[in-house]
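Reader: I have a protein chain on my screen. Can you take me through it in short steps?

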Amino acid sequence: MHAGLKISAFAAALAATFGTAYGVGRAIDPAVTESAPASHERHEESPDGGGAAGGGGAGHAPGGLQISEGGYTLDLKTPSVAAGQRAELRFAVRDASGRAVTAYRREHEKELHLIVASRDLVTYRHLHPARAADGTWSIPVELPRAGGYRVFADFTPAKKGAENLTLGADLAASGSYAPQRLPAPDAMAETDGYEVELSGGLRPGGESEVELTVSRDGRPVTDLQPYLGAYGHLVALRSGDLAYLHVHPNGEPGDGKTASGPGISFTATAPSEGAYRLFLDFKHEGQVHTAAFTVRTGAQAGAHADEGGHGH
């Protein structure tokens, strides 16, 4: 991961199925009734399992668009799990010769960051799996609901000259499937007894500042703890095709100018107009908490400026 913004986008082929059960191996439309613009909702799948370019790239295909990129492939050994049951998620990153990669550059205290998100953007996990000597990564997961999920592996191989990559693969959770609506935009989120307020927003095609302010019981939290070398981590996923943004805050602990709360500031660029789900991870009193928000950009932001509701 970079200290600034890293955007990656992908588009998976989606086929509608609205039965009461989600079968392993079947793809479904994302359970999003307030979707991104139609131009981002469906894309042709490329032969290697990625999608057609869906915005966010300038002169080259954005990262995360494909299961293979830059000579590396995400080999997801656990393509399906049962919803509500603990399972071991296993995968490897393979180089152009098919060998599992065993050497990575540590970034923000980890060799690899794993994001798992449901296609309706209701379930989100930021995970740090363990790597075996043979290059196989593994971590126990329990996905609460049946449906389609996307797995993102964010890493930089230790090979000289290698660049940071985000590769994506589809994961299915079997069981009784119930589509959920994308939560409405709301500037306030609650999580584990904390209140987090969002100010600012995403601007398509240009940088903008987003600030999130953490409080508890009405009092500002001014003693946030470093988590992976920062006071907060922000991931944004675009509704419809799940275009991926990952950005770290402006400043870092110990730099002499960044306060440990209550505000955490980010600079970000949205790849396009549309609806996005933002996930903030922060640490306080030894525990990591996640707050989630829905935001809209461009014309959609204006069209829904008076939309109410809470997305907690």
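Author: Here are a few questions about this predicted model, each with its answer.

Reader: How many helices and strands are in the protein chain?

Author: Helices and strands are counted separately along the protein chain. The helix count is 1. The strand count is 21.

Reader: What percentage of the residues in the protein chain are buried?

Author: A residue is buried if its relative accessible area is under 20%. The protein chain has 312 residues. The buried share of them is 52%.

Reader: Is Arg-150 buried or exposed?

Author: Arg-150 sits in strand E11, which covers residues 147-155. Its relative accessibility is 2%. The limit for a buried residue is under 20%. Because 2% falls under that limit, Arg-150 is buried.

Reader: How far apart are the C-alpha atoms of Arg-150 and Ser-118?

Author: Along the chain, Arg-150 and Ser-118 are 32 residues apart.

Reader: Which elements give two or more residues to the lining of the second largest cavity?

Author: The model has 2 cavities of 30 Å³ or more. The second largest cavity is lined by Leu-202, Leu-234, Ala-236, Leu-245, Val-247 and Ala-268. Two or more of these lining residues come from each of strand E17 (233-238) and strand E18 (244-247).

How values were computed
Residues are numbered from 1 along each chain as its sequence is written. This is a predicted model: local features need pLDDT of at least 70, side-chain atom pairs count only at pLDDT 80 or more; totals for chains, interfaces and linings use all residues. Side-chain values use heavy atoms; hydrogens and water are left out. On a 1 Å grid over the protein atoms alone, a cavity is a set of points where a 1.4 Å probe fits but cannot get out, and a pocket is an open set with protein on both sides within 12 Å along at least five of seven lines; lining residues have an atom within 4 Å of a point. Grid points are joined across faces, edges and corners, and a volume is the space filled by probe spheres set on the points. Helices (H or I, at least four residues) and strands (E, at least two) are DSSP runs, numbered from the N terminus. Buried means under 20% relative accessible area, exposed over 50%, partly exposed in between (1.4 Å probe, protein chains only).
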